[in-house]
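Open the model in your viewer and keep the sequence panel beside it. We will go from one selection to the next, with a short note at each stop.

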Amino acid sequence: MMDKKPISMNFATSSATTYEDKNPSYSVLTIDSKTMLPVEMETYYLDIVKANKAGEATWELFHKTSEVF
């Protein structure tokens with residue numbers, strides 16, 4: 001009989017490209033060094049319209065999983 005303990009993690013996140021007029025984003029995953037389990041994930045995005053108007057790119061926090069879930 002198979003053990004029903006989780007053995008891995010998988011998540012889908014957006015791209016750092018502007019494909020199909022979507023704002024680019026990236027995620028930062030924080031892992032507990034003792035257990036090697038994820039403890040936090042933060043996702044940042046770049047508002048393309050705002051960056052073009054300001055003449056500079058500023059990555060903004062979209063969400064933290066500990067605050068959303």
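## Start at the hairpin

Select M36 first: in the hairpin of β1 and β2, which has 6 residues between the strands, M36 takes a positive phi near 60 degrees. The model is a predicted one, where local features need pLDDT of at least 70 and side-chain atom pairs count only at pLDDT 80 or more, while totals for chains, interfaces and linings use all residues. Residues are numbered from 1 along each chain as its sequence is written, and side-chain values use heavy atoms, with hydrogens and water left out.

Strands here are DSSP runs of E with at least two residues, and helices are runs of H or I with at least four, both numbered from the N terminus. M36 lies in the loop between β1 and β2, and M36 is exposed, with a relative accessible area of 58%. For burial, the cut-offs are under 20% relative accessible area for buried, over 50% for exposed, and partly exposed in between, using a 1.4 Å probe and protein chains only.

Now click on L37, which sits in that loop between β1 and β2 too. L37 counts as exposed because its relative accessibility is 51%. Leaving aside neighbours within four places in sequence, L37 is in contact with T30, I31 and D32; contact means heavy atoms within 4.5 Å. Then draw a distance from L37 to S8: these residues are 29 apart along the chain, and their C-alpha atoms are separated by 9.4 Å.

## Step back to the whole chain

Zoom out. Along the principal axes, the C-alpha atoms fill a box of roughly 60 × 25 × 20 Å. Buried residues make up 14% of the 69 residues.

Select residues 25-31 for β1, residues 38-46 for β2 and residues 59-64 for β3. Two strands count as paired if DSSP finds at least two bridges between them. How many bridges join β1 to β2? There are 7, and these strands run antiparallel. On the pairing of β2 with β3, 5 bridges join the strands, again antiparallel.

- S27 stands opposite T43 in β2.
- V28 stands opposite E42 in β2.
- Y44 stands opposite L61 in β3.

## Walk along β2

**T43.** Show side chains, and you will find that of T43 making a polar contact with the side chain of S27 at 3.0 Å. A polar contact is a pair of N or O atoms within 3.5 Å; within protein, one must be able to donate a hydrogen and the other to accept it, and residues adjacent in sequence count only if both atoms are side-chain atoms. T43 and L61 are 18 residues apart in sequence and 6.1 Å apart in space, C-alpha to C-alpha.

**E42.** E42 is also in strand β2 and counts as buried at 18% relative accessibility. A polar contact of 3.1 Å joins its side chain to that of Y44. Beyond four places in sequence, E42 touches Y26, S27, V28, L61, H63 and K64.

**E40.** Finish at E40, which is buried yet has no salt bridge; the nearest side chain of opposite charge, K64, is 4.3 Å away. A salt bridge needs a side-chain nitrogen of Lys or Arg within 4 Å of a carboxyl oxygen of Asp or Glu. Lys and Arg count as positive and Asp and Glu as negative, while His and the chain ends are not counted. Which side chains make polar contacts with the side chain of E40? Look for T65 at 3.1 Å and S66 at 2.6 Å. Setting aside residues up to four places away in sequence, E40 touches V28, L29, T30, K64, T65 and S66.
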